[in-house]
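User: I am new to this structure and would like to learn how to read its features one at a time. Could you give me the general idea first and then the case at hand?

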Amino acid sequence: MLNTTIEPAARPETRQASARWVRFAFAGRERFGTLIGGTIALHSGDMFAGARPTGERVPLDDVTLLAPSTPSKIIALWNNFHALAAKLSNPVPAEPLYLMKAPSSAAKPGATIARPPSYAGKVVYEGELGIVIGRRCSEVTPQEAGEFIFGYTCVNDITALDLIAADPTFAQWVRAKSFDGFGPFGPVIATGLDPRGLTVRTLLNGQERQNYPVADMIFRPQELVSRLSHDMTLLPGDLICCGTSLGVGTMKEPVNTIEVAIEGIGTLANTFVQGG
């Protein structure tokens, strides 16, 4: 059985059909398709441009889910929720504050992530909503931006916390967030969702640690896509991690299970192990 939960759609938008897209390994090949109950309807072509159903179906339990896209870049927001900004006494930013995670940090649902051997400090989880880009996007307005959002996913923005300020001359945000496996996302890309009513829940070893509304975001998805598209060209499959809110914490046990759950998307479950 897969260590993941897929939930039904929530609040579909009329302009885009509701679907749950997955990438997976089956019979020695990488494939993609849409979830229909406990089966996957296989598609051919390109998930983001003209995907075509093949008429084949495979049981979800017979496949290995992969990260649902292969982003050319992973953009991660900082200080993007009012509640956390207030707790930390951070001013509300005038524009999005963000960093980049290495694409090689991406990990699939159910993956076991090991502590980097080069780092002995605190490692924290951060449950987040992720935006997946569906079309090449450059200098779009907030009103246009929704047409470039393919869908939404769950993200655990894992962070080697003590590295950020380890050198007083240079904040090491990218290094702290780019170790192999530090960017699990999935289990699906959900299309047709209105994110305004969603809630992000994070459980650590079965105990709820985060439960916060997406509506508390300072810069909401369309605004983020618009502003980021004026800084860089966004490509199909790119992942924008929307930032986190209250409840971030350290993974202290020898073996830790982290679950990020968002209604209409499902539950991203991964294991973090401390190693020898």
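Analyst: Let us begin with a term that will be needed throughout: a residue is called buried when its relative accessible area is under 20%, exposed when that area is over 50%, and partly exposed in between. Please keep in mind that this is a predicted model. As a case, Arg31 has a relative accessible area of 15% and is therefore buried.

User: Is Ala49 buried or exposed, by that reading?

Analyst: Ala49, which is found in strand E4 (residues 49–59), has a relative accessible area of 52% and therefore counts as exposed.

User: How should I read a sheet, and what is the order of the strands in the open sheet of five strands?

Analyst: In general, the strands of a sheet pair through backbone hydrogen bonds, and they do so either parallel or antiparallel. In this structure, the order of the open five-stranded sheet is E9-E20-E19-E15-E16, and the pairing is mixed. Its edge strands are E9 (112–114) and E16 (207–213), each of which pairs on one side only. On average, neighbouring strands of this sheet are turned by 20° against each other, with direction ignored.

User: How many bridges join strand E19 to strand E20?

Analyst: Strand E19 (residues 255–262) and strand E20 (residues 266–273) run antiparallel and are joined by eight bridges.

User: Now to charged side chains: how many salt bridges does a search of the whole structure find?

Analyst: The general idea is that side chains of opposite charge can pair when their charged atoms come close. A search of the whole structure finds nine salt bridges. One of them is formed by Arg31 and Glu56, whose closest N and O atoms are 3.6 Å apart. Because Arg31 lies in strand E2 (residues 29–36) and Glu56 in strand E4, this pair ties together parts that are 25 residues apart in sequence. Whereas Arg31 is buried, Glu56 counts as partly exposed at 42% relative accessibility.

User: Which parts does the salt bridge between Asp157 and Lys101 tie together?

Analyst: The side chains of Asp157 and Lys101 meet at 2.7 Å, N to O. Asp157 lies in the loop between strand E12 (149–156) and strand E13 (159–160), and Lys101 in strand E7, so the pair ties together parts that are 56 residues apart in sequence. Asp157 counts as buried at 1% relative accessibility, and Lys101 counts as buried at 3%. Another salt bridge is that of Glu208 with Arg201, where the closest N and O atoms are 2.7 Å apart; Glu208 is partly exposed, with a relative accessible area of 41%. Salt bridges that share partners also join Lys101, Glu126, Asp157 and Lys177 into one network.

User: Finally, what should I note about the backbone, and where is Ser89 found?

Analyst: Ser89 has a positive phi of about 60° although it is not a glycine, and it is found in the loop between helix H1 (82–87) and strand E7 (97–101). At 63% relative accessibility, Ser89 counts as exposed. Asn205 likewise has a positive phi, near 50°, in a residue other than glycine, and Asn205 is found in the loop between strand E15 (199–204) and E16. A further backbone feature is the peptide bond from Gly186 to Pro187, which is cis with omega near 5°; Pro187 lies in strand E14 (residues 183–191).

Conventions: Residues numbered from 1 in each chain as written. Predicted model: local features only at pLDDT ≥ 70, side-chain atom pairs only at ≥ 80, totals over all residues. Heavy atoms only, no water. Pairing = 2+ DSSP bridges. Helix = DSSP H or I, 4+ residues; strand = E, 2+ residues; numbered from the N terminus. Axes fitted to C-alpha atoms, helices over the stretch in contact; angles between N-to-C directions. Buried < 20%, exposed > 50% of the residue type's maximum accessible area, 1.4 Å probe, protein only. Salt bridge = Lys/Arg side-chain N within 4 Å of Asp/Glu carboxyl O.
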